[in-house]
Amino acid sequence: MFAITPNTLANFMISLSRYFILLSLVLISVSIFLIIFLENDYYQGISFKIMFIHVPTAWLSLAIFLVMGISSIIGLIFKSPTAFTVARSLSPIGLIMSIIVLVTGSIWGNLTWGAYWVWDARLTSMLILAFIYLGHILLLYSFEHFQKADFAASILAIIGLINLPIVKFSVDWWTTLHQESSVLRMGGPSMTNDYLITLLVSFFGIFMLTIFWFSNIFYIIVEKRKMERSKLLND
Amino acid sequence: MRIIKLNKQIKKRFIFLLIIFVCFSASIFLIGYSLKDQIAYFVEPTDLKSMDGIENKYLRVGGLVKANSLKFTDGNWIFEVIDQNKNSVNVVFSKTLPNLVEENKGIIVEGKFIDNIFIAEIVLAKHDENYMPQSAIDKLKEEGKWRGD
């Protein structure tokens with residue numbers, strides 16, 4: 001992060017991106033195959049299978065924000081353009097992930113709870129996370145100079161870090177309609193191994209897709225800046 | 001070593017960020033702490049005992065549907081919501097129940113107390129964090145380890 005320039009990282013990531021997408025397609029195909037042949041849950045029936053999109057995207061939307069926050073801290077303290085560019089290229093992915101979480105959760109909620117939306121602590125804090133992603137993107141594009149935009153947006157990302165433990169532990173701190181954690185919880189996962197393996201395969205598939213997507217966005221931002229710079233020099 | 005040795009400028013920025021972060025965390029904590037009763041989505045039947053003036057007040061009560069209490073009579077669903085401390089609330093509901101409402105399973109009812117009977121306007125099914133196929137349950141039942149219904 002200190003010595004790596006945006007250019008080096010962009011070239012490194014883009015050279016690996018074909019492997020990321022290949023691995024992601026393989027893992028997602030395997031997980032679709034597993035999901036189709038998986039036995040239904042004894043209580044929720046077939047509707048529990050939406051979990052295999054809902055839970056990986058939920059984990060990723062939290063993890064992406066964590067990476068964004070940490071790279072914003074590094075960017076602000078060490079004035080690292082690489083760290084700022086990492087944060088800049090992650091926020092659209094995080095926004096899409098959190099929208100997928102909210103939409104799939106809403107469908108699942110209607111099937112099981114009997115309501116598309118309720119204002120409990122987990123759902124509300126997740127909606128706030130999506131709005132922070134949106135605010136981060138809007139801040140990035142509301143300045144003429146990208147250095148100023150990076151400064152403002154990274155402050156938002158650092159303040160937004162406070163929301164992460166609230167999303168994760170909201171189900172333990174307050175009573176909610178949303179269930180408590182099934183996998184990342186004290187005393188081990190509360191699902192059978194076949195469900196857990198399918199969940200992990202689908203998580204890594206979507207994770208590799210995220211990495212692929214990130215490398216492409218990162219590369220495009222770096223190349224665009226290079227083009228603008230050479231244009232300025234030519235004028 | 002050059003990186004580890006913090007210069008003055010970096011130290012200043014670090015302290016600046018730390019102050020921002022601590023101030024915002026503290027304010028969010030205070031908001032969350034003072035609103036903790038409002039943030040809680042429902043109360044349990046045990047909590048109702050210590051609450052005043054619950055008659056005619058719009059409330060959400062959550063717990064499990066008591067075994068052998070779910071009945072359909074005169075166009076109304078009648079059941080009891082019970083919690084871990086065995087305190088229960090009698091509920092009447094006149095609309096269609098969500099699919100997943102079953103005895104010994106989680107439920108949240110929204111409505112008012114009228115003459116010690118809870119008249120529910122909205123009923124939500126609350127499923128827990130356990131997932132397993134029917135075959136796994138049959139196996140557990142065979143081994144005598146199943147602790148559910």
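In this predicted model, helices H3(A) and H7(A) form a right-handed crossing. The axes of H3, spanning residues 81-112 of chain A, and of H7, spanning residues 193-234 of chain A, come within 9 Å and cross at roughly 125°, and the two helices are therefore oblique to each other. On the side of H3(A), the contact is made by A:Thr85, A:Arg88, A:Ser89, A:Leu90, A:Pro92 and A:Ile93, while H7(A) contributes A:Thr210, A:Trp213, A:Phe214, A:Ile217, A:Phe218, A:Ile221 and A:Val222. Classified by residue type, this contact of H3(A) with H7(A) has nine nonpolar, three polar and one charged residues.

Between the chains, the contact draws 34 residues from chain A and 34 residues from chain B. On the side of chain A that touches chain B, the elements giving two or more residues are helix H2 (51-78) and helix H5 (146-160) of chain A, and H2(A) gives the most, with four residues. By class, this side of chain A has 19 nonpolar, eleven polar and four charged residues.

Chain B contains four helices and six strands, which follow one another from the N terminus in the order α-α-α-β-β-β-β-β-β-α. The radius of gyration of chain B is 24 Å, well over the 15 Å that the globule rule gives for 149 residues, so chain B is more spread out than a compact globule. Along its principal axes, the C-alpha trace of chain B spans about 80 × 50 × 25 Å. Of the 149 residues in chain B, 19% are buried, and among the contacts in chain B between residues at least 6 apart in sequence, 47% join residues at least 24 apart.

How values were computed:
Residues are numbered from 1 along each chain as its sequence is written. Chains are lettered from A and ligands numbered from 1 in the order in which they are written. This is a predicted model: local features need pLDDT of at least 70, side-chain atom pairs count only at pLDDT 80 or more; totals for chains, interfaces and linings use all residues. Two residues are in contact if their C-beta atoms, placed from the backbone, lie within 7 Å. Ala, Val, Leu, Ile, Met, Phe, Trp, Tyr, Cys and Pro count as nonpolar, Asp, Glu, Lys and Arg as charged, and the others, Gly among them, as polar. Axes are lines fitted to C-alpha atoms, for helices over the stretch in contact, and angles run from 0 to 180 degrees between N-to-C directions. Angles under 35 degrees count as roughly parallel, over 145 as roughly antiparallel, 65 to 115 as roughly perpendicular and the rest as oblique. A crossing is left-handed if the near helix is turned anticlockwise from the far one by less than a right angle, and right-handed if clockwise. The radius of gyration is taken over C-alpha atoms; the globule rule is 2.2 Å times the number of residues to the power 0.38. A residue is buried if 20 or more other C-beta atoms lie within 10 Å of its own, exposed if 12 or fewer, and partly exposed in between; C-beta atoms are placed from the backbone.
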